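Try each one yourself before you read the solution.

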Amino acid sequence: MTRKFSGDRLLVATHNKGKLEEIERLLEPFGVKVVGAAEMGLDEPEETETTFVGNARIKAHAAAKATGLPALSDDSGIEVDALDGAPGVYTADWAETPNGRDFVMAMTRTHEELETRNAAHPRTARFCCTLVLAWPDGHDEVFPGVIEGKVVWPMRGDQGHGYDPIFMPDGYDITLGEMDRWKKNEISHRADAFRKLVAACFD
């Protein structure tokens with residue numbers, strides 16, 4: 001039996017303002033007040049798992065335990081078929097530099113590795129998102145989401161974030177980087193996971 005969310009405050013275990021805003025908007029109809037990890041003075045726990053669900057669980061449970069509030073976290077990334085699913089859970093790591101994240105560098109690396117392997121076109125890929133809603137008593141609910149597409153080059157568009165400028169979703173002739181932000185939020189991997197979360201825990 002899926003546990004329903006009851007209460008009016010939900011902690012979102014992220015320091016990412018854009019992500020927080022997106023989630024706030026999605027939960028608005030349910031009268032839920034969303035608070036972020038930074039607001040609660042929470043550090044980001046170390047992500048030591050090798051799966052999206054493993055890392056999302058670490059973040060959600062750490063936040064729920066620390067605050068006594070139900071906590072929602074997500075772990076997401078891009079899987080490129082010709083790179084054997086890489087970068088996958090290491091999507092953000094590919095962008096790490098001593099001065100913060102550089103996604104142009106990460107996208108360039110993705111393209112170069114595909115070229116090195118002489119990967120055939122279309123270079124199929126997907127964005128994956130796993131949402132975990134955890135309660136302070138240790139219970140959790142898990143919701144995976146996905147958007148299928150392909151990796152294109154050169155980079156296109158300055159909307160979105162991360163690897164969006166090289167990802168063209170199936171059925172579209174523009175990248176997520178060229179797509180209106182709210183349009184993207186309707187079709188994204190996170191939106192897919194969110195629909196499942198809302199249907200199970202909020203409706």
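**Exercise 1.** Which residue in β6 does A71 stand opposite?

Keep in mind that this is a predicted model. Start with the two strands: β3 covers residues 71-80 and β6 covers residues 123-134. They run antiparallel, joined by 10 bridges. Now look across from A71, and you land on A134.

**Exercise 2.** Work out the strand order of the open sheet, and find its edge strands.

Step one: trace the six strands, which come in the order β2-β1-β3-β6-β7-β8 with mixed pairing. Step two: look for strands that pair on one side only, and you get β2 (33-36) and β8 (167-169). Step three: check the twist, which averages 35° from one strand to the next.

**Exercise 3.** Which element gives the most to the largest nonpolar core?

The core has 21 residues, and L10, L72 and F194 are among those that touch the most other members. Next, list elements that each supply at least two residues: β1, α1, β6 and α5 (189-202). For a closer look, pick L72: its contacts include L10, I23, L131 and L197. Finally, spot the second, separate core of 19 residues, which includes V80 and W94.

Technical notes:
Residues numbered from 1 in each chain as written. Predicted model: local features only at pLDDT ≥ 70, side-chain atom pairs only at ≥ 80, totals over all residues. Heavy atoms only, no water. Pairing = 2+ DSSP bridges. Helix = DSSP H or I, 4+ residues; strand = E, 2+ residues; numbered from the N terminus. Axes fitted to C-alpha atoms, helices over the stretch in contact; angles between N-to-C directions. Core = buried A, V, L, I, M, F, W, Y, C linked by side-chain atoms within 4.5 Å. Buried < 20%, exposed > 50% of the residue type's maximum accessible area, 1.4 Å probe, protein only. Contact = heavy atoms within 4.5 Å. Lists of a residue's contacts leave out its neighbours within four places in sequence.
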